[in-house]
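Subject: Structure handover

Hello,

Here is the structure I promised to pass on. Please open it first, then read my notes below.

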Amino acid sequence: MNNSGVVARTNDKDGGRYYTKRHLEELVKLQTSVLRTQALELRRMNERILETLSNVVEFRNLESGDHVKRVKDFTRILAGYLAKGCPEYQLDREAVDVITAAAALHDVGKIAIPDSILLKPGKLTAQEFEVMKTHTTKGCEIIAMLGDIQEGEYGRTSYEICRYHHERYDGRGYPEGLKEEEIPVAAQIVSLADVYDALVSERCYKSAYTPAEAYDMIMRGECGQFSPKLLLCLDQAREELEEKAGGSGVLTM
């Protein structure tokens, strides 16, 4: 009897511990799920805020707000091919998502450029071009002011894209004259996406080139130098890019 009672009480105690442990595990899972959902919603809200800010830049620059969307689309395609073909960059799916989202802010610094320069229909003077070039560093200042919206990897990537998307692989870009792999890979990808979109889109100073013409111009080095790895990705992604750009037709604003 006594032994049986001891066993029964022991089993009751063990059962209670097991129930408590399971209950705590379920609570942790629930809380983790809630936190993940909240984080995802916050990230989506932040991305909408930042994309709206980017669209303000495009409208002020007399360009279509679709420019931001197209650059993001081209960025995602190119980053996807680079992730598959160049594992040394360690671009997993999350990294591609971050680069794509951050691409929306590549020209946010243009908010700080005077209308007389930003909206000038003709060619800029050397002095005016120096002012225009500051949109890269002005963009970094804006990223810093965004504070909590731009934390961690997202903030760092946005900063790199804003500052370095006009650097060139041969060192002839700005603002720092970085070359080759000194240029952050996110900025390299967005730079190519931005140039491709500029070529296939109509501007106040030019007609749109066909995607085939844009491809040839970039591959021939007529639009600045890009990484050979990225040019290979451009070649591999050509059909997808052309589909996003509107096939072989000419885009209009």
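Start with Gly173, which is found in the loop between H7 and H8. (Helices, H or I in DSSP runs of at least four residues, and strands, E runs of at least two, are numbered from the N terminus.) At 16% relative accessibility, Gly173 counts as buried. (Buried means under 20% relative accessible area, exposed over 50%, and partly exposed in between, with a 1.4 Å probe and protein chains only.) Leaving aside neighbours within four places in sequence, Gly173 is in contact with His166, Glu167 and Arg168. (Contact means heavy atoms within 4.5 Å.) The C-alpha atoms of Gly173 and Gln225 are separated by 9.2 Å. These two residues are 52 residues apart along the chain.

A word on the basis. This is a predicted model, in which local features need pLDDT of at least 70 and side-chain atom pairs count only at pLDDT 80 or more, while totals for chains, interfaces and linings use all residues. Residues are numbered from 1 along each chain as its sequence is written, and side-chain values use heavy atoms, with hydrogens and water left out.

Pro175 lies between H7 and H8. The peptide bond from Tyr174 to Pro175 is cis, with omega near 15 degrees. Glu180 is also placed in the loop between H7 and H8. Glu180 has a positive phi of about 45 degrees, although it is not a glycine. Its relative accessibility is 43%, so Glu180 counts as partly exposed.

Gln90 sits elsewhere, in the loop between H2 and H3. Gln90 is not a glycine, yet has a positive phi of about 55 degrees. With 69% relative accessibility, Gln90 counts as exposed. For background, most residues other than glycine have a negative phi, and most peptide bonds are trans.

Now the whole chain. It has 11 helices and zero strands. Of its 253 residues, 43% count as buried. Take the contacts with a separation of 6 or more: residues 24 or more positions apart account for 65% of them. The chain exposes about 14300 Å², and carbon and sulfur atoms supply 54% of that area. (Areas come from the Shrake-Rupley method with a 1.4 Å probe; for residues, only the protein chains shown count as cover.)

The largest nonpolar core has 42 residues. (A nonpolar core is a set of buried Ala, Val, Leu, Ile, Met, Phe, Trp, Tyr and Cys residues joined through side-chain atoms within 4.5 Å.) Those with the most contacts inside this core are Leu82, Leu91, Ile189, Tyr196, Ile218, Leu234 and Leu241. At least two core residues each come from H2 (66-85), H3 (93-102), H7 (152-164), H8 (185-200), H9 (211-219), H10 (228-236) and H11 (238-245). H8 gives the largest share, 10 residues. Not counting residues up to four places away in sequence, Ile189 touches Thr75, Leu78, Ala79, Leu82, Leu91, Ile99 and Leu230. There is also a second, separate core of eight residues, including Leu105, Val108, Ile142 and Leu146.

Last, the helix pairs. (Axes are lines fitted to C-alpha atoms, for helices over the stretch in contact, and angles run from 0 to 180 degrees between N-to-C directions. Under 35 degrees counts as roughly parallel, over 145 as roughly antiparallel, 65 to 115 as roughly perpendicular and the rest as oblique.)

- H6 (residues 135-145) and H7: the axes come within 7 Å and cross at roughly 160 degrees. The two helices are therefore roughly antiparallel. Thr136, Thr137, Gly139, Cys140 and Ile143 in H6 meet Gly155, Ser158, Tyr159, Cys162 and Arg163 in H7.
- H2 and H11: the axes come within 10 Å and cross at roughly 170 degrees. This pair is therefore roughly antiparallel. Asp73, Phe74, Ile77, Leu78 and Tyr81 of H2 make the contact with Glu240, Leu241, Lys244 and Ala245 of H11.
- H3 and H7: the axes come within 9 Å and cross at roughly 50 degrees. That makes H3 oblique to H7. The contact is made by Val98, Ile99, Ala101 and Ala102 of H3 and Glu153, Tyr154, Thr157, Ser158 and Ile161 of H7.

Best wishes
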